[in-house]
Amino acid sequence: MITSMRSDTVESFNKDFPDDESCMRWIVTNRFPNGIPCEKCGKITEHHYFKDFKTYQCDICGTHLHPTMGTIYHKGGLPIRQWFFLVFLVAENQKITDQEAADELNIPVTHIKPMMEKIKKHLV
C-alpha cells in the first residue's frame, strides 16, 4: 500500500464502496437525483439493477440504461470498483505515478496509463 495514504481513508473507501454494485448505486444517485429518465418511453421510473449486465431496466418499457455511459468509467475494461479506487488514489495523492497506481491495483501499468490520463483530465 502507498505509505503516504491514511489507513482511515482507505478503510472509509472500502466501507462506502465494498463492491461494484455500490459504485453503480453512487453513479445513479449522483447522475440522476430525481430518478432515471428512460430514453425510450420518457418516463422517470425506479429502474431495477441487473447485476449481470451492469444496467438498470425501466419498470415501464423494459429499456436498459448504462449509467456509466458518458463517463470516464464507460467501457473502461475493468470492474467499476477498481476505477473508483483509482480515482480515490489520485484524489488522495495527485502526484501518484502510473507505476504506483498499477502496483496498488495489481494490474499492468499499460492498463493504468489511459485510465490515469482520463482521471487527471477530469480532476483538474
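Histidine 66 is partly exposed, with a relative accessible area of 35% (buried means under 20% relative accessible area, exposed over 50%, and partly exposed in between, using a 1.4 Å probe and protein chains only). This residue sits in the loop between β5 and α3; helices (H or I, at least four residues) and strands (E, at least two) are DSSP runs, numbered from the N terminus. Once neighbours within four places in sequence are set aside, histidine 66 is in contact with Phe53, Lys54, Thr55 and His74, where contact means heavy atoms within 4.5 Å. Histidine 66 and arginine 25 are 41 residues apart in sequence and, C-alpha to C-alpha, 12 Å apart in space.

A quick word on the background. The model is predicted, so local features need pLDDT of at least 70 and side-chain atom pairs count only at pLDDT 80 or more, while totals for chains, interfaces and linings use all residues. Residues are numbered from 1 along each chain as its sequence is written, and side-chain values use heavy atoms, with hydrogens and water left out.

Now for the whole chain. The protein chain has 5 helices and 5 strands, and reading along the sequence gives the pattern α-α-β-β-β-β-β-α-α-α. Its C-alpha atoms fill a box of roughly 50 × 30 × 30 Å, taken along the principal axes. Of the 124 residues in the protein chain, 36% are buried. If one looks at contacts with a separation of 6 or more, 47% of them come from residues 24 or more positions apart.

Next comes the sheet. Three strands form an open sheet in the order β3-β4-β5, with antiparallel pairing. The strands β3 (48–50) and β5 (64–65) stand at the edges with a single partner strand each, so one side of each has no neighbour in the sheet. Two strands count as paired if DSSP finds at least two bridges between them. Between β3 and β4 (residues 55–57) there are 3 bridges, in the antiparallel sense. In general, strands of a sheet pair through backbone hydrogen bonds, either parallel or antiparallel.

On to the helices, starting with α3. Helix α3 (residues 80–92) has 13 residues and reaches 18 Å from its first C-alpha to its last, close to the 18 Å expected at 1.5 Å a residue (the expected span is 1.5 Å times one less than the number of residues). Helix α3 is mostly covered, with 10 of its 13 residues buried. The buried set consists of Ile80, Gln82, Trp83, Phe84, Phe85, Leu86, Val87, Phe88, Leu89 and Val90.

Helix α3 also meets helix α2. The axes of α2 (residues 20–31) and α3 come within 8 Å and cross at roughly 70°; axes are lines fitted to C-alpha atoms, for helices over the stretch in contact, and angles run from 0 to 180 degrees between N-to-C directions. The two helices α2 and α3 are therefore roughly perpendicular to each other (65 to 115 degrees, with under 35 counted as roughly parallel, over 145 as roughly antiparallel and the rest as oblique). The contact is made by Asp20, Cys23, Met24, Trp26 and Ile27 of α2 together with Ile80, Arg81 and Phe84 of α3. Serine 22 also belongs to helix α2. This serine 22 is buried, with a relative accessible area of 7%. Not counting residues up to four places away in sequence, serine 22 touches Asp16 and Phe17.

Helix α5 (residues 109–123) has 15 residues and should span 21 Å at 1.5 Å a residue; its end C-alpha atoms are 20 Å apart, which agrees. The buried residues of α5 are Ile112, Met115, Met116 and Ile119, and what covers them includes α3 and α4 (98–105). Helices α4 and α5 pack at an angle of about 115°, with their axes 9 Å apart. Where they meet, Asp98, Gln99, Ala101, Ala102 and Leu105 in α4 touch Val109, Ile112, Lys113 and Met116 in α5.

Asparagine 106 lies in the loop between α4 and α5. Its phi is near 60°, a positive value in a residue other than glycine. Asparagine 106 is exposed, with a relative accessible area of 69%.
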